[in-house]
Amino acid sequence: MRPTQPVLQVKNLSARYGVMQVLWDVTLEIGSGERVVLLGSNGAGKTTLLKTLCGLVPAMHGTILLQQQPVDALRVDQRIRRGLAFVSELGMIPTLTVEENLVLGGYYLSNAIRHTRIAEMYQKFPDLWRQRRWAAGSLSGGQRKMLAVAKALIARPTLIIMDEPSSGLSPLLVQELIAILRQLDDGSTAFFIAEQNIKFLDLATRAYVLEGGRLRFTGTVAELHADNTLRTAYFGLR
Amino acid sequence: MQTFRVEGRLLRILFYAIISGMLFGLFFALMSLGLNLLFGVMRMVNLAHGDFVMVGAFIAYVAYTHGILSPWLGLALVIVILGGLGFVLYFPIGPRLTGSYDPEMLSLILFFGVSQILEALAVMVFGNNPVAVGYHVLTVKPVNLLGQAYQPSWILAAGVSVIVILAVYGYLYHTRLGYATRAIMGDREESESTGINVHRVSAIVFALGLVTAGLAGVLSPLVIGSIYPTMGLGLTITAFAVVIIGSLGNPLGSILGGLIYGISLMLMETYLSTWSTMVPYVLLLLILLLRPTGLLGKGVRRA
């Protein structure tokens, strides 16, 4: 299942973190509105890959195209203005209030549009409305994730990159988060989610598996489920 | 009856010490605000902070000797000159420092050099002798309040300081750029991932830090009298004391720190004047021993 209109194309991307090279020749593609999961254990290079895509970590070589335009020379904020959103593990600024975080999510929008979008998010997530004047750091784990997702959605990005959204959440909250992400599916936003938790495969159509900084598997979720070697090696399933 | 009268006088003196301490403290809050902003946003320890205050004072002095007699125009000049200088100066040094392994230590050394250069340049141009800026307000009769006389120049300096502090507060808490500034204070990398152009915001804050220091410089003849090229070092130390009392990295802490410093200084001046120069150091020691994060501090901060 090849995406027809790619929002993200990555070719032979290598990167290092500090002095150590952690990514080797990663090539991948995300189609418009597609949901793709990047699986990998701790230290596999998932976060570095995501940060390199956003421009937080410089690439050693390789190319990154956002909506068919090269973005390698662009700063993080410039990539974000081109329709990218990055939800880090933290996902928000703990010292700012919920509302201030949402304003930052729509930093480049006009005042009127930002206002409307924030109101839309409050409708979608009533908890955030109730706690809009609270410091984001005082929210519970689940509410923080909601804020992180809402903050990313405000700018209506074409691609949201998420780093370990399940971290710090109980299994029940992980289910809830997956349900929320599924509900948000209107086909206009593609998701690229780095995870260790295979429950996120329920959400995706395609998956990549990263091991030791190299892609070990590329294919549909169905193919991944059928792939016995991977199942045993990465997830301990039989 | 006699005791009552004596107590009344003592109370009036105490009242005077507190009110004049607050006026003084507001000036010192403004004077140290920039130091706190720079540390909060960029983890820069600006050892040249007091020298930028001195630069502001001498800009006002030059303007005054060239016929610009109003302190208001001096304030406007400082905003333009130091604001522009700060914004331009940030780009060659800011990104290198913030991207370095230890921005705090490196900036300390770098700004020590800047401090020496500014001082040397000022001595070359203006000589070593103190000079006075004879603003008109310095000649106005003192204001009487409950039997005590207050200098109008102090009231003016405190008033301008309040306005500038409120403006900075408004910027930080009521503008989008201010949210971005506070976001960077909270978590630099997370702010970058959000899409904030951290270097642009940092350059603005750097300019703002220099401008607030310069504004305090323009007001300094009103509060601390004559100005001289080497005045920066003492002011830097006082600014550090004020900022650490309040909380390093929290701009609101400067206001609290300034008020505590001003009132303590005036109380000492009133009751034990020979000891008053020790006030900033004693306060600094007490705070570092009892509450190292400062009065408004939450987590432990480095530097």
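In the predicted model, a salt bridge joins the side chains of B:R182 and A:E100, with an N to O distance of 2.8 Å. This pair is one of two salt bridges found across the interface of chain B and chain A. Six residue pairs in polar contact, both at pLDDT 80 or more, are also found across this interface. On the side of chain B that touches chain A, two or more residues come from each of α6 (176-186) and α7 (188-194) of chain B. The most is given by α6(B), with seven residues. By class, this side of chain B comprises seven nonpolar, six polar and six charged residues. The contact as a whole involves 21 residues of chain A and 19 residues of chain B. About 1800 Å² is buried between the two chains, and carbon and sulfur atoms account for 58% of that area.

The largest has a volume of about 60 Å³ and is lined by A:G142, A:K145, A:M146, A:L169, A:L173, A:E176, A:L177 and A:I180. At least two residues of this lining are supplied by each of α6 (141-153) and α7 (171-183) of chain A, and α7(A) gives the most, with four residues. Five nonpolar, one polar and two charged residues make up the lining of the largest cavity.

The second largest cavity holds about 50 Å³ of space. Its lining residues include B:L33, B:I165, B:Y169, B:P251 and B:I255. In this lining, α5 (152-174) and α10 (251-271) of chain B each contribute at least two residues, with five from α5(B), which gives the most. The lining of the second largest cavity has nine nonpolar residues, with no polar and no charged residues.

How values were computed
Residues numbered from 1 in each chain as written. Chains lettered and ligands numbered in written order. Predicted model: local features only at pLDDT ≥ 70, side-chain atom pairs only at ≥ 80, totals over all residues. Heavy atoms only, no water. Contact = heavy atoms within 4.5 Å. Buried area = accessible area lost by both parts, 1.4 Å probe. Salt bridge = Lys/Arg side-chain N within 4 Å of Asp/Glu carboxyl O. Polar contact = N/O pair within 3.5 Å; in protein donor to acceptor, adjacent residues only side chain to side chain. Nonpolar A, V, L, I, M, F, W, Y, C, P; charged D, E, K, R; others polar. 1 Å grid on protein atoms, 1.4 Å probe; cavity = no way out; pocket = protein on both sides within 12 Å on 5 of 7 lines; lining within 4 Å. Points joined across faces, edges and corners; volume = space filled by probe spheres on them.
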